[in-house]
Amino acid sequence: MSGERSVFKSIFKNVSVLTLGRIANALCSFIYIAVAVRALGLSDFGLLILIHSLASTGSVLSRMQSWQTLIRFGSDSFSSDDTDLLHRVVHFCIRLDTLSAALAIVFGLVGVQIYGHTAHWSAHVRFLADLYVCVSPLMYSGWANGILRMAGKFHLVPIIDSCAAIAKTFGVLLGYVLHLKLGYFLFVWAMTIVIDYGFYIYYALDILHRKFKFRYFRAFRHWRWQLPGMWQFTRAASINQTLGNISGHVATLVVGTGLGPAEAAVFRVCRQIADGIVTPAQLISPVLYPELVRMRDRQDWRGLKRVTWKMFGVLGGLSVVLLLLSAFFGSTIFRFLLHVHVHHTSLYISIMLLAAVFSLLVIPLEPLLIVVGHVKFLMKNRTAVMAIYFPALYVLTRHFGLAGACLSTAACNATILLSQMLGVWFFYDRIGKAER
């Protein structure tokens, strides 16, 4: 029991630290989104959102979830100061991220050409979107993020988040004062990504150099090295995580195609408000996974199960409070952000928050299944759900507008939650008996 209390203390301490950065980020986002809408108008702001979503989609599609691979295969060597093995694992993950970066640009450029033609964008807008794709490789700091999580340096994350958010806020305020246009605001969004990525890489390299005398460019030797099961785990985890991460960006693009950029902006902001409300609880995910890996390495299967269900209970109780909060304040937050009145925003935000709550309850279940070796189940499950979600989203959006888009998103997340609960129930008795 003392071990479990120590795990809970560590989890909530790190979540509290991460929350500070997210609060600063949320406060800044209230300012820069509201100012950007006033400067650009809802339609051009929608274009900014769509261009960002295209680049983000290219980035998410190419990600190989190197941070999960790093923690799963490198956690023990990091703790035991096994320099040679840790170097090899980190090198493997750096090579994964390099491949991801190249693919991100390819996917992003292809996406801009296809979507720009479908949405009848002007040559100028397509050119801006092509330029913005160049920062898509920097949207993912996988191995560096894994190092910070593995080293327990969670206090660095709010510093990074706050610096990036403050830079974006000042950039947007300058654009508003000088009456600058879409191209400038895309530049501000891009520079924020560069700042964020640069900080993660700097801190990760500093940690590795101090403790293990690490050299970055040595990673590009020995391209074929891998531990048994390393690539299979990476592939399954990447497909599962990519499908989860990409759904929001694709949904925004689908809404933009069916209803236009202004409605896409409304959908995106409603989703952002919902995600913002549950953000502190969502921060449990990056903290919980390393803790479960350590418990697995100690063969503490009973404690691993108890921690998972206790976290599920905590998140369940918190979800009720968050839904009540949305019912009273969701529409007010929306009007403050966009400075426009849109009918039924309270309904849209409530539905999107319900969808966010379903995702919230998945947080303790997914790491459990990954840690005990059932990542392939997660991959197959999410693939099947997404194969139904995207066509359903398009059809419901065309027929029922934003309400249809929100409802289909909530139904998708509810299905994922139910299927993962069934997966945990099915595999529960095997945990500890067949780890891999």
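Leaving aside neighbours within four places in sequence, which residues is Val135 in contact with? Hi everyone, let's keep that one in mind for a moment.

First, some ground rules. This is a predicted model, where local features need pLDDT of at least 70 and side-chain atom pairs count only at pLDDT 80 or more, while totals for chains, interfaces and linings use all residues. Residues are numbered from 1 along each chain as its sequence is written, and side-chain values use heavy atoms, with hydrogens and water left out.

Now the overall picture. The protein has 14 helices and 0 strands; helices here are DSSP runs of H or I with at least four residues, strands are E runs of at least two, and both are numbered from the N terminus. Of the 436 residues, 55% are buried, meaning under 20% relative accessible area with a 1.4 Å probe, protein chains only. Among contacts with a separation of 6 or more, 85% are between residues 24 or more positions apart, contact being heavy atoms within 4.5 Å.

Back to our valine. Val135 sits in the loop between helix H4 (123–133) and helix H5 (142–150). Its relative accessible area is 10%, so Val135 is buried. And here is the reply to my opening: beyond those sequence neighbours, Val135 touches Ala190, Ile193 and Val194. Met191 lies 56 residues from Val135 in sequence, yet their C-alpha atoms are 8.6 Å apart in space.

One more loop before I stop. Arg221 is in the stretch between helix H7 (182–212) and helix H8 (230–259). Thanks, friends!

Methods
Buried means under 20% relative accessible area, exposed over 50%, partly exposed in between (1.4 Å probe, protein chains only).
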